[in-house]
Amino acid sequence: MRIDPEKCVGCMECQDYCPMGAISGVEGKDGYISEINQDDCVECSGCLRSAVCPTDAIYMPELEWPRCVRAEFSNPAVSYTSAEKFGFREPGGGLGRGTYEMKTNDVSGRFRRGFAGVAIEVGRPGIGTTFRDIQTISMALAEMGIELEPMNPLTAFIDKKTGKVTEAILDETILSAILEFIVRIEQLKEVLQNVRAVSSKIDTVFALDLFTRVNEDGSVPVFSIAKEAGFTCSQATKTNVGLGRPLAKD
Amino acid sequence: MTHTLHRTGDTDSLQMDFVLLVLPDKDFNAEGSSEKMKQFWDLFSRHQGGIVNYGNCSSGNSHRFSIADLKETKNSILNVVFKDRGGLKACLQEIKDRDFGISIIISGLYEEVRKICDEIGLSPHTVGVSLGFHGKTEKLPDNRVLDITTMCGHHMVSHNLVGKMVKEINDKKRTCNEAATELSKQCVCGAFNPFRAEKILEKMAGLMVE
């Protein structure tokens with residue numbers, strides 16, 4: 001994102017709308033104006049969409065590779081065009097965060113009994129990340145022999161064997177991206193402990209998610225495993241209530 | 001897209017926050033679903049008393065579009081936000097009765113969702129649970145700021161904007177309701193809960209005795 005210095009009147013109204021805090025005041029020709037730090041900007045269009053600029057000085061320039069991945073992983077209204085060139089087949093319109101995860105599990109059967117889905121949402125909530133930090137985690141997952149979910153745009157940029165991220169995008173900054181995979185329930189405790197260990201090696205945050213089929217009595221098999229691994233499960237969850245058809249077979 | 005999973009807050013606050021998501025799957029039942037998705041909007045229009053926000057990623061939220069407007073847009077995914085379990089339960093009951101055959105996902109307190117399912121004869125199929133935030137958590141803001149900003153899972157509501165809104169409330173430039181609406185406008189797909197945000201802002205601005 002850019003701010004036209006000829007149009008900006010220096011009101012600073014846009015600054016707090018940036019999720020990355022990338023907008024600050026700088027000395028212009030006729031006093032202070034707002035400027036976007038291009039290293040920190042994730043091209044989410046939040047500043048433009050807020051419509052707070054009184055002179056329409058904010059605009060999005062055409063984004064070329066590899067900078068365009070910033071918008072794809074940060075602006076929910078932009079589809080994953082670059083990831084598609086790397087083999088990603090987009091689900092459901094390709095907007096948002098690019099994965100169905102458990103949302104349609106009643107029809108897809110993606111997460112079956114005896115297995116758990118794990119998602120590591122790097123950069124979330126609201127801190128942002130470089131792909132270099134994502135690579136630190138993906139390489140650790142590759143060492144564990146974990147295969148990432150193919151129906152996820154981030155996976156397209158990661159080497160299956162080594163976990164290395166496509167070099168051209170390593171230093172691009174984005175709001176967040178999701179490392180997503182499925183493990184057997186018996187492996188889950190060890191995997192969670194390894195994920196916790198790698199969390200000290202990154203310069204950002206991640207949100208950690210678990211997905212699983214619900215037992216017939218309404219209990220959730222992963223709750224106790226997560227607790228044994230030293231994690232606290234949220235009281236608010238996301239629940240697929242089983243109304244999709246045709247229903248996937250167990 | 002796990003964007004409604006990590007909504008933080010205490011139990012009382014989360015009692016005001018349930019998101020219902022409607023999502024056809026491209027590989028299984030999306031073909032021919034556009035008419036059903038329109039019918040969902042008609043259904044939601046009958047439950048507006050309990051709904052505090054709605055929208056979809058490709059078009060926008062309730063601050064920009066009416067339900068009638070959104071009904072005519074591309075609807076590959078729908079979000080509706082309820083301010084209490086009663087509104088959610090009534091809507092979910094009607095969705096069940098209509099038997100659309102499209103996946104329905106509810107984000108909110110699991111115990112409440114489980115009870116609602118039991119009351120209307122549904123069984124939770126799959127659950128997603130948050131194990132919290134990890135890594136350089138010292139970079140995160142105050143918990144109450146997070147309680148607001150995590151209501152937009154795409155992070156379009158900035159931590160700094162919450163601070164600006166609280167300051168403007170205290171400076172009498174905005175009411176808590178106006179500030180909550182301004183925050184909610186930034187959430188493109190309408191998953192943000194301005195009703196709950198207003199209550200949190202009241203506490204942050206020191207307008208309510210706890």
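Tutor: In chain A, one aromatic cluster is formed by W65(A), F73(A), Y80(A), F86(A), F131(A) and F157(A). The model is predicted, so local features need pLDDT of at least 70 and side-chain atom pairs count only at pLDDT 80 or more, while totals for chains, interfaces and linings use all residues. Residues are numbered from 1 along each chain as its sequence is written, chains are lettered from A and ligands numbered from 1 in the order in which they are written, and side-chain values use heavy atoms, with hydrogens and water left out.

Over all chains, the structure holds 12 aromatic pairs. Rings of Phe, Tyr and Trp (its six-membered ring) pair if their centres lie within 6.5 Å; planes under 30 degrees apart count as stacked, over 60 as edge-to-face and the rest as tilted. F111(A) and F211(A) make a tilted pair, because their ring centres are 5.6 Å apart and their planes are at 35°. F111(A) lies in the loop between α4 (105-108) and β5 (115-122) of chain A, and F211(A) in strand β9 (residues 205-213), so the pair ties together parts that are 100 residues apart in sequence. Helices (H or I, at least four residues) and strands (E, at least two) are DSSP runs, numbered from the N terminus. F111(A) is buried, at 3% relative accessible area, and F211(A) is buried at 0%. Buried means under 20% relative accessible area, exposed over 50% and partly exposed in between (1.4 Å probe, protein chains only).

R196(A) lies over the face of F231(A), 4.1 Å from the ring centre. The rule is that NZ of Lys or CZ of Arg is within 6 Å of the ring centre and within 35 degrees of the ring normal. R196(A) is also among the contacts of A229(A), together with K189(A), L192(A) and Q193(A), leaving aside neighbours within four places in sequence; contact means heavy atoms within 4.5 Å. A229(A) lies in the loop between α7 (222-228) and β10 (236-240) of chain A and is buried, at 7% relative accessibility. Its C-alpha atom is separated by 6.1 Å from that of Q193(A), 36 residues apart along the chain.

In chain B, the charged end of K83(B) sits over the ring of F195(B), 5.4 Å from its centre. The backbone nitrogen of F195(B) lies 3.0 Å from a side-chain oxygen of N193(B), which caps the N-terminal end of α9(B).

Conventions
Polar contact = N/O pair within 3.5 Å; in protein donor to acceptor, adjacent residues only side chain to side chain.
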